[in-house]
Amino acid sequence: MRRIWFYLSSKNKYSLAHVLGAVETCAPELIPYIEVSRNPNPKPGDVVVFSFNTFMAPEVFEMVERFHDDVVKLAGGPHPSARPDQCLDHGFDIVLIGEGEKVVPEILRELVRGKEPEERPGVYLGEGKPQPAPRVGDLDSFPPYSEGFRIFCPLEITRGCPWGCAFCQVTRLFGSKPRHRSVEDVVRWVRRGVERYGHTFVRFVAPDALAYGSPDGVRLKPDRIERLLRSLRSVEGLEKVFFGSFPSELRPDSIAKEDAIELIAHYADNERVNIGAQSGSERVLKRIKRGHTVEDVEVAVEKALEVGLKPVVDFIFGLPGETEEDQLASVELARWVIKRGGEVRLHYFMPLPKTPLEKEEPAPLSSKIRRILGRWTQEGKAEGAWGHQMRLSRIAMKVVGE
């Protein structure tokens, strides 16, 4: 019987938790044949599965090209979904496109049974036109993490985003209509984590935590958020609930147009909330299709402070077409956030495939901007690996440009 190897790294842990959880649910007979490893060592006839993003692509391609020709190599995740032909060119045999909960168990069952795979939505062999797998309609149908392989991650409560920001893959990969895990299912999995594994806190994954329960991701439903948070407080043994902080964030316009942030202050335990400003330039915000204004950011910061939450505001420098004047506008807004008592997190633009900005050059940072950002980082006024991301941006440009 073939063994099935899953490549695990710190960079793909979340996606692997979802996929392995789906395999445990849909194809439990495969579990005895699965190995999860940071250094997969497949033998001829084995199957090896990689889920990876664009920044992992060079190391994954190098690893795959060393495997024996008779090893069946599967690629899935954000980068293969956006660049399937590139993955075939670098030694993969099968590319899985789109959401993997349904298609991964299906294709693995076929391979283990010796069935020759056929091209179809979600399975690409290089013969026809790549088509994504059908999206998961009901997130409650699949577990949010892998119990059998003990790969846990923050609970995904929302998938999909209506905004379609020009630098972001989320809308392109998961669609513009948000899907939400139900309150009952979230509570069930949190309670299970407490009782079975001793988890004493919970974090969530959502493009905009304040859009939880919203049918379109724009018209907020604070009552759904309140019901979720209030229900979680009834879980015996759960000590901490973190909502609207990393790895989730809040859109500034969501904070500005509702008083829902008060619910976080009342029910959750985090002292900080993440707010995605991305730029202090109105011109840049319009160009990247953010859908909010600088004023929305300012109102969001003030509202967070009013309810006792420290705002941690994200900025992306080097966005294509950005001028030094635009960057100085971001610096001024960031400086205002710091003076008001908030914090800032600094990022550098990284091109991602299947986004409107995928082939555009990052804007250079002037020496003046570099000095300011460097000084803030050294003095502890700002966090974020913007310098490291400049190096990653060059890697991404090379991979995306192939």
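The following legends describe close-up views of a predicted model.

Local features are reported at pLDDT of at least 70 and side-chain atom pairs only at pLDDT 80 or more, while totals for chains, interfaces and linings use all residues. Residues are numbered from 1 along each chain as its sequence is written, and side-chain values use heavy atoms, with hydrogens and water left out.

**View 1. The whole protein.** The protein contains 15 helices and 16 strands; helices (H or I, at least four residues) and strands (E, at least two) are DSSP runs, numbered from the N terminus. The C-alpha trace spans about 65 × 50 × 35 Å along its principal axes. The radius of gyration, taken over C-alpha atoms, is compared with a globule rule of 2.2 Å times the number of residues to the power 0.38. For 402 residues a compact globule would have a value near 21 Å, and the protein has 22 Å, which agrees.

**View 2. The packing of helices α7 and α8.** Two packed helices are described by the angle between their axes and the distance between the axes. Axes are lines fitted to C-alpha atoms, for helices over the stretch in contact, and angles run from 0 to 180 degrees between N-to-C directions. Helix α7 (residues 183-197) packs against helix α8 (residues 222-232) at an angle of about 25 degrees, with the axes 10 Å apart. The two helices are therefore roughly parallel to each other (angles under 35 degrees count as roughly parallel, over 145 as roughly antiparallel, 65 to 115 as roughly perpendicular and the rest as oblique). The contact (heavy atoms within 4.5 Å) involves V183, E184, V186, V187 and V190 of α7, together with R224, R227, L228, S231 and L232 of α8. Six of these residues are nonpolar, one is polar and three are charged; Ala, Val, Leu, Ile, Met, Phe, Trp, Tyr, Cys and Pro count as nonpolar, Asp, Glu, Lys and Arg as charged, and the others, Gly among them, as polar.

**View 3. The packing of helices α1 and α5.** The axes of helix α1 (residues 13-26) and helix α5 (residues 100-112) come within 8 Å and cross at roughly 60 degrees. This angle makes α1 oblique to α5. On α1 the contact is made by H18, V19, A22, V23 and C26, and on α5 by E101, V104, P105, L108 and R109. Seven of the contact residues are nonpolar, one is polar and two are charged.

**View 4. The sheet of six strands.** An open sheet with mixed pairing has the strand order β2-β1-β3-β4-β5-β6; two strands pair if DSSP finds at least two bridges between them. At the edges stand β2 (34-37) and β6 (123-124), each with a single partner strand, so one side of each has no neighbour in the sheet. Strand β5 (residues 94-96) pairs with β6 in the antiparallel sense over two bridges, and L96 stands opposite V123 in β6.

**View 5. The sheet of four strands.** Parallel pairing joins the strands of an open sheet in the order β13-β14-β15-β16. Its edge strands, β13 (272-278) and β16 (382-383), each pair on one side only. Six bridges link β13 in the parallel sense to strand β14 (residues 310-317), where P311 stands opposite V273. Helix α13 (residues 324-340) lies across β14 and β15 (343-348), running at about 165 degrees to β14.

**View 6. Backbone details in loops.** F246 and P247 are joined by a cis peptide bond with omega of about 10 degrees; P247 lies in the loop between β12 (240-241) and α9 (252-257). K289, although not a glycine, has a positive phi of about 60 degrees.
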